[in-house]
Amino acid sequence: MAKCRSSTSPYALFVFFFCFLQVQAILDPADFLALQNIRKALEDMPGSDFFSTWDFTADPCNFAGVYCDSDKIIALNLGDPRAGSPGLTGRLDPAVGKLSALAEFTVVPGRIYGPLPETLSDLKNLRFLGVNRNFISGQIPTKLGDLRNLRTIDLSYNQLSGRIPPTVGTLPELTNLILCHNRLSGSVPRFESHTLTRLDLKHNGLSGSLPPDCLPPSLQYLSLSWNQLTGPMDRHLARLDQLNYLDLSLNQFTGPIPGRIFSFPLTNLQLERNQFSGMVQPVDQVSIPTVDLSYNRLYGQISPMLATVQNLYLNNNRFTGRVPASFVERLLDASIQILYLQHNYLTGIEISPTAVIPERSSLCLQYNCMVPPVETPCPLRAGKEKTRPTAQCNQLKDLKD
């Protein structure tokens, strides 16, 4: 068979068009033209040679990042996936919507800008959409909710704005929704998928309270941190007994923390810097490695059930009474690595002034209603005052008001 070579001779032109027709016979013409338009809108960043294999006189199914089934493109992974690759720059061309059999569309981190093409909603077979760590702006297309086979949407670390379309919440097969580190606003929609396991909406501008039953019990990973969300969460959390990661920090959530949440299979519980109130009452010994309840409005005595936590942050609350002896025992044998109790209303702890705190353990007791019996280094933000003023300690009876 004659090889395709660039030349201006009549024979060479014949060979070129013969090869072109061969390519067309291999790949659906609509897919071929769509791929050409996608290529024209993008460039390699300096140091990237991803498009070096994209020679349209050859079979596009052999291009880097292009995967075909018969004469249709079923997966398009734009950019070199190796760590540290410079990525691509340019825009996503609306022609991507012409790849009618596409099931997977991803773009590696780079400097792609502009909006997501509205034509993505034409990809009825799409299951995986991943365009993260670029400079995508504008709103999430409402019609993404028409893609009933979508299982993963990862648009994280971009510059997306506007609301999360309620239609996205209706996707029946949705398993992973990752929209963190954008500029999204409005409320959290209700999610109807019974297979949703990962929901990551952190670092946005979301506000308002969560609607009833908006979070499915199938969730295993939930991060809503660094938003402006409000309202109680106890009823939502009580249903999510499959969670292994929970981060609600830096919001304005209110109300009690349900005791049964401490029995969930969590590896990390981050509820700090909210307005949670009430007593903390785990129903059993807590096996969660890290629990951060700092900077809330929690009160009452510290439960001995928390003594089994390796890294425990209870600082900047309204806890009262004495620290249970079980905490001291586990601190001295280095089972507890971090125990932050500063800025509460605690009145005592059974620890000898000569006790040696293990080097790998940290204890902070500053600014309570007692003189710390041991000198221990505290974080700088704890301040320099060792003890809370007596006048404040005499008002303990008003703390629950």
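Ser-249 sits in the loop that joins β17 (245–247) to β18 (252–255). The structure described here is a predicted model. With a relative accessible area of 3%, Ser-249 is buried, since buried means under 20% relative accessible area. Apart from neighbours within four places in sequence, Ser-249 is in contact with Ser-225 and Trp-226, and also with Gln-270, Leu-271, Glu-272, Arg-273 and Asn-274.

Once neighbours within four places in sequence are set aside, Tyr-313 is in contact with Thr-290, Val-291, Asp-292, Leu-293 and Ser-294, together with Ile-338 and Tyr-340. Thr-347 lies 34 residues from Tyr-313 along the chain, and the C-alpha atoms of these two residues are separated by 18 Å.

An unreviewed UniProt entry places the feature "domain: Leucine-rich repeat-containing N-terminal plant-type" at residues 29–69. In the model, this span is 29% helix and 17% strand, and its end C-alpha atoms lie 14 Å apart.

Helix α2 covers residues 29–40. From the first C-alpha to the last, the 12 residues of α2 reach 17 Å, which is close to the 16 Å expected at 1.5 Å a residue. The buried residues of α2 are Asp-31, Phe-32, Ala-34, Leu-35 and Ile-38. Viewed down the axis of α2, these buried residues fall within an arc of 165°, so they line one face of the helix. At the start of α2, a side-chain oxygen of Asp-28 comes to within 2.9 Å of the backbone nitrogen of Ala-30.

**Salt bridges**

Asp-28 also takes part in a salt bridge, its side chain meeting that of Lys-72 at 3.8 Å, N to O. Asp-28 lies in the loop between α1 (10–26) and α2, whereas Lys-72 lies in strand β3 (residues 72–78), so the pair ties together parts that are 44 residues apart in sequence. Both partners, Asp-28 and Lys-72, are buried. A network of salt bridges links Asp-28, Asp-31 and Lys-72; Asp-31 is one of the buried residues of α2.

The count for the model comes to 8 salt bridges.

| Salt bridge | N to O distance |
|---|---|
| Asp-28 and Lys-72 | 3.8 Å |
| Arg-82 and Asp-80 | 2.6 Å |
| Lys-386 and Glu-375 | 3.5 Å |

In the pair formed by Arg-82 and Asp-80, the two partners fall into separate accessibility classes. Arg-82 is exposed, with a relative accessible area of 60%, whereas Asp-80 is buried at 14%.

The side chains of Lys-386 and Glu-375 meet in a further salt bridge. Both residues of this pair lie in the loop between β27 (362–364) and α5 (390–393), 11 residues apart. Lys-386 has a relative accessible area of 37% and is therefore partly exposed, while Glu-375, at 67%, is exposed. The cut-off for exposed is over 50%, which Glu-375 passes with its 67%.

How values were computed
Residues are numbered from 1 along each chain as its sequence is written. This is a predicted model: local features need pLDDT of at least 70, side-chain atom pairs count only at pLDDT 80 or more; totals for chains, interfaces and linings use all residues. Side-chain values use heavy atoms; hydrogens and water are left out. Helices (H or I, at least four residues) and strands (E, at least two) are DSSP runs, numbered from the N terminus. Buried means under 20% relative accessible area, exposed over 50%, partly exposed in between (1.4 Å probe, protein chains only). Contact means heavy atoms within 4.5 Å. UniProt positions are given in the numbering used here, feature names are shortened, and annotations may be inferred rather than shown by experiment. The expected span of a helix is 1.5 Å times one less than its number of residues. The arc is that of the directions from the helix axis to the C-beta atoms. A polar contact is a pair of N or O atoms within 3.5 Å; within protein, one must be able to donate a hydrogen and the other to accept it, and residues adjacent in sequence count only if both atoms are side-chain atoms. A salt bridge is a side-chain nitrogen of Lys or Arg within 4 Å of a carboxyl oxygen of Asp or Glu.
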